[in-house]
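Biologist: Could you walk me through this model before I start on it? Please spell out any cut-offs as you go.
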Amino acid sequence: MIYWSLKTLFAEPMRLFISALAVSVSFLLVIFFSAVFEGESNQMVAYLKKMDADVWVMQKGVSNMHMASSMVWDWKVDKIARIAGVKDVSAILYLNGPVKIGGKDWFSYIMGISPEHKRTGPWDIAKGKAIPEPGEAVIPEVISKLAGIQIGEEIKMIDRKLRVVGLTRGTFSMASSVVFVSHKDLGELLEGRDQFSYIMVYAKPGVSAQTLVERIKDEIDKVNALSSEDFVESDWQLGVQMGAEILIMMTTIGTLLATLIVAFTAYSLVERKKQELAVAKALGFSNGQIYIAALCQSVVITGIGLLLTLLFAYTLLPWLPAIAPQINLAVRFHQFIPIAVIALPIAVVASFIAARTVVKLDPMTVFSG
Amino acid sequence: MTTDIILKANNLSKFFGNGTSEVRAVNKVSLKIKRGEMVLIMGPSGSGKTTLLSMLGALLSSTSGEVVIDGTSISSMNNNELAALRAKKIGFVFQAFNLLEALNVEENILFPAQLNVGGTNAAKKRLDELLDRLGLTSRRYALPNTLSGGEKQRVAIGRALINQPAIILADEPTGNLDSHKGQEVMMLLHDIARDDGCAVLMVTHDPRVEEIADRVLWLEDGAIHDRKTEKHSWVKDPVCGMRIDEWTATFITEYKNKRYVFCSQRCLDRFNTEAEKYVHKTE
């Protein structure tokens, strides 16, 4: 019966391919959402990672950058710089909010930076200058393309007009792009010209981040210090928490869609081959044997769908950002694993509908000549 | 258990519906069929022939009565036991051939062999014998859609014989064949009964088969009686020239106040399209 089921399936290769392709599309949907989610989460902590600090210092009670606000007096920067084991410090003023570019609000990490604080600016410049003066802004190249804004044109941060002087790469995200402005402009806007939000601390060789964290907490009042690793993890977790429900929902939708497609294909195959299955029943095959044949078809369709998913996900999806640069995709093999795990249950569940038809099948229909 | 009587039905009945709408498709039919016997079940359309065949083939449960196949009563068997019995003891041949489209001739014949001890491998030798006997050796890898009607029916016969069943149940096996191919199939079934000792029970409208059958059972209004001893009224089919018993013929028409009898729907249709030609031929 299994041989029959396979031969029947492969006797119509185009139909099989279309069914497997449909399954693959629903699986790809799940991988696509996982990859977007992971890409966006990566982008959310891109600035933190690129600054390569050993320790991040912020206002007491704050442990994130995303959706957070922090204010630390500027004198504390100097005080931290004098702590034993500290090689260097840099500080930024930060606001999480919208920037109007090309008539549209782009939710951004606005970094108020100044030239005396090194390593706070963009890490990859596409065009123009990296460090903005007062009245200037450096924006992601992707936003400039999407919004149709060129260097020299104006954007608006809250009520302040700024002129674009530089375009950056690796700073765009759908949820939080990085826009650089001068510390002075952002300080005036936040009424905090003598304040910073986050202080990046670089350790001397041989001094661990954890040692610095303890020393900073001991010596500086009303601040929180986190190793870079913990700070990145903290922001990443926040992103995961925020997106987890959507991701679970999309995975569920993709899984249900795949189950429905396999179920429909298995059912339609059984329906179309009803007469042949009735013959099998008449000749002495049991319901169980016929059901296994239907299950086998479901497994093959799902399996081929899975292979197509692997092929498309890891050859075609990575090219997507070239067409749509606003999409941050991180296609990783581990995203495929849950799909591979749920594939067999999908095939089994999908074949239940076909099984119902098999059980109801009347072998007497063989006589309808 | 081996016995000379291979198939036995005792007071077998099948009723559909109930109350005033009850239909007695088969009513208290009793019959016995021996090994090597070729028995026809004939009767008008709607007389219950297929219902009877289905019950005898363990495909349909009876309302009352008993079916005994090769010494085993099937009345108390569950679906799986019935399926196993069909696989082992019964071969089916259908009017519509019912071959499996995706499988070639060899695979179609071997299809039920997977239900037998040893599976398809053990049946390979028998397959070669059957292909040779049925004249299908050169067509062994052909798909059903490339076969003629006669070839298809021979494949179906091969499939019915692969597990060496005790009985072959054939439902209108010549119904979709022209007279020549029909004759071929009939002779094959006749040889199977004679040479292999396999009982052949056939439902047919084809009166030509009567000549080669050992017995003819006439089923009408659900009841059966033996008809071999009764007299025949032989006439000639004006289209194919076959001899037909006017008494049992079901394909009948009137043309210019004269009654014409045909062996099959096919001949009747031909007559209806060119009646004058065939009338003159008869005269």
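Modeller: A word on terms to begin with: axes are lines fitted to C-alpha atoms, for helices over the stretch in contact, and angles run from 0 to 180 degrees between N-to-C directions. Helices (H or I, at least four residues) and strands (E, at least two) are DSSP runs, numbered from the N terminus. This is a predicted model, in which local features need pLDDT of at least 70 and side-chain atom pairs count only at pLDDT 80 or more, while totals for chains, interfaces and linings use all residues. Residues are numbered from 1 along each chain as its sequence is written, and chains are lettered from A and ligands numbered from 1 in the order in which they are written.

Biologist: OK, at what angle do α2 and α10 of chain A pack?
Modeller: Helix α2(A), residues 13–44, packs against helix α10(A), residues 287–315, at about 55 degrees, and their axes are 7 Å apart. The two are therefore oblique to each other (under 35 degrees counts as roughly parallel, over 145 as roughly antiparallel, 65 to 115 as roughly perpendicular and the rest as oblique).

Biologist: And which residues meet there?
Modeller: On the α2(A) side they include Leu16(A), Phe27(A) and Ile31(A), and on the α10(A) side Ile301(A), Leu308(A) and Phe312(A) are among them. The residues of this contact divide into 13 nonpolar, five polar and no charged, where Ala, Val, Leu, Ile, Met, Phe, Trp, Tyr, Cys and Pro count as nonpolar, Asp, Glu, Lys and Arg as charged, and the others, Gly among them, as polar.

Biologist: Switching topic, how many residues does each chain put into the contact between A and B?
Modeller: Chain B gives 25 residues and chain A gives 17, with two residues taken to be in contact if their C-beta atoms, placed from the backbone, lie within 7 Å. In chain B, α1 (49–56) and α2 (79–89) each supply at least two residues of the side that touches chain A, and α2(B) gives the most, with five residues. That side of chain B divides into 14 nonpolar, seven polar and four charged residues.

Biologist: What about the sheet in chain B, which order do the strands take?
Modeller: Four strands form an open sheet in the order β2-β1-β4-β5, with antiparallel pairing (two strands pair if DSSP finds at least two bridges between them). β2 and β5 (72–73) of chain B stand at the edges with a single partner strand each, so one side of each is left without a neighbour in the sheet. β1(B), residues 5–16, and β2(B), residues 23–34, pair over eight bridges and form a hairpin with six residues between them, where Gly17(B) in the turn has a positive phi of about 75 degrees.

Biologist: Last one, where do the domains fall?
Modeller: The bounds come from an automatic or database domain assignment, which divides chain B into domain 1 (5–226) and domain 2 (235–282). Chain A has domain 1 (2–44 + 241–367) and domain 2 (61–221), with 47 Å between their C-alpha centres, and six residues of domain 1 are in contact with nine residues of domain 2.
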